[in-house]
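Thanks for coming, everyone. Let me put the sequence and the structure up, and then we'll walk through it.

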Amino acid sequence: VPVRVADDYLGDYTSGFGEDDDIADYVAALNWIVANHPPGTPGVVSDSWTVRVPADRPAEATQLQNAVQAVIDAGLTYVAFGGNFKAQPYWIPAIMPDVITVGGTDATDALFDWGTLGSNFGPYIDMFTPADDIHTTGHTSDTDVSTTAGATSSATPIAAGLVALLLEQNPSMTPATVKQVLQGQATKGALTVPAGTVNLLGYSLASTDQWTQVDEVAPPFVL
């Protein structure tokens, strides 16, 4: 279900952040998700956008963090973009421990790099998925599928899709278990990443039998 989190003006689009006055809208959208999600049913939130909360407004930062945590506490796995500044993310929700924060790779299994923009890295990144030359739908018509996109905003819904596959087979999985299993079944050591960054490339096991117990997840296939 698409949920609108901002008005027609997204602030500094090139930086990936909304305007300061979008904080209340962001919180309201997250609250709407909690209020309208049927209790006891699985779900995943794919979040490729955020707002930069000014340092002199800590109360609003707390409000946003609490809203994200409420989504997770409602049983929804929260997947967030890691950012595209070739640095460590420093915003909510990417820095929250219960969120799955996603970085992006290119076809060479390195972090995607577009010159001024590139995948973030560091201890807050939980896994990577492809983020370069991603084929997707466009806005010109209902049948436009010729668009290509990228960056961690595209990597995030790919990771959310992996979450959805897990939950389809195991709807009782908690967000914490989903995160642990997703990292456990990821392809390990295949990427070129900076020191202090996980070397985990998102992967979906063909067999679902091992998804019921975290400690029984089989080693991933490396393609």
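Where is Asp109 found? In the loop between E5 and E6. Those labels come from DSSP: helices are H or I runs of at least four residues, strands are E runs of at least two, and both are numbered from the N terminus.

Two housekeeping sentences. This is a predicted model, so local features need pLDDT of at least 70 and side-chain atom pairs count only at pLDDT 80 or more, while totals for chains, interfaces and linings use all residues. Residues are numbered from 1 along each chain as its sequence is written, and side-chain values use heavy atoms, with hydrogens and water left out.

Back to Asp109. Its phi is positive, about 65°, although Asp109 is not a glycine. Asp109 is partly exposed, at a relative accessible area of 29%. The classes are these: buried is under 20% relative accessible area, exposed is over 50%, and partly exposed is in between, with a 1.4 Å probe and protein chains only.

Now the whole chain. It has four helices and ten strands. From the N terminus, the order is β-α-β-β-α-β-β-β-β-β-α-α-β-β. There are 223 residues, and 42% of them are buried. A contact here means heavy atoms within 4.5 Å. Take the contacts between residues at least 6 apart in sequence: 65% of them join residues at least 24 apart.

Next, strand E4, residues 76–81. How many of its six residues are buried? Six of six. Leu76, Tyr78 and Ala80 cover one side, and Thr77, Val79 and Phe81 the other. E4 has pairing partners, where pairing takes at least two DSSP bridges between the strands. With E2 the sense is parallel, over five bridges. Val44 stands opposite Thr77 there. With E5 the sense is again parallel, over three bridges. Ala80 has Thr101 as its bridge partner in E5.

Helix H4 covers residues 175–185. Its buried residues are Pro175, Val178, Lys179, Val181, Leu182 and Gln185. They pack against H2, E4, E5, E6, H3 and E9.

On to the rings. Rings of Phe, Tyr and Trp, the last by its six-membered ring, pair if their centres lie within 6.5 Å; planes under 30 degrees apart are stacked, over 60 edge-to-face, and the rest tilted. By this rule there are five aromatic pairs. What kind of pair do Phe81 and Trp91 make? Their centres are 5.6 Å apart and their planes stand at 35°, so the pair is tilted. Phe81 sits in E4 and Trp91 in the loop between E4 and E5, ten residues apart. Phe81 is buried at 4% relative accessible area, and Trp91 is buried at 4%. Tyr90 and Trp91 have ring centres 5.3 Å apart and planes at 80°, so that pair is edge-to-face. Phe81, Phe85, Tyr90 and Trp91 form one aromatic cluster.

That loop between E4 and E5 has two further items. Pro93 is found in it, and the peptide bond from Ile92 to Pro93 is cis, with omega near 10°. Lys86 lies in this loop too. Its phi is near 55°, positive in a residue other than glycine. Lys86 is partly exposed, at 34%. Beyond its neighbours within four places in sequence, the contacts of Lys86 include Asp113, Leu117, Ser119 and Phe121. Lys86 and Ser119 are 33 residues apart along the chain, yet their C-alpha atoms are separated by 5.3 Å.

Last, the second largest pocket. On a 1 Å grid over the protein atoms alone, a pocket is an open set of points where a 1.4 Å probe fits, with protein on both sides within 12 Å along at least five of seven lines; lining residues have an atom within 4 Å of a point. The space in this one is about 150 Å³, counted as what is filled by probe spheres set on the points. Of its 13 lining residues, Val53, Ala61, Tyr90, Trp91 and Ile92 are the closest to the centre. Helix H2, residues 58–73, gives the largest share of the lining, three residues.
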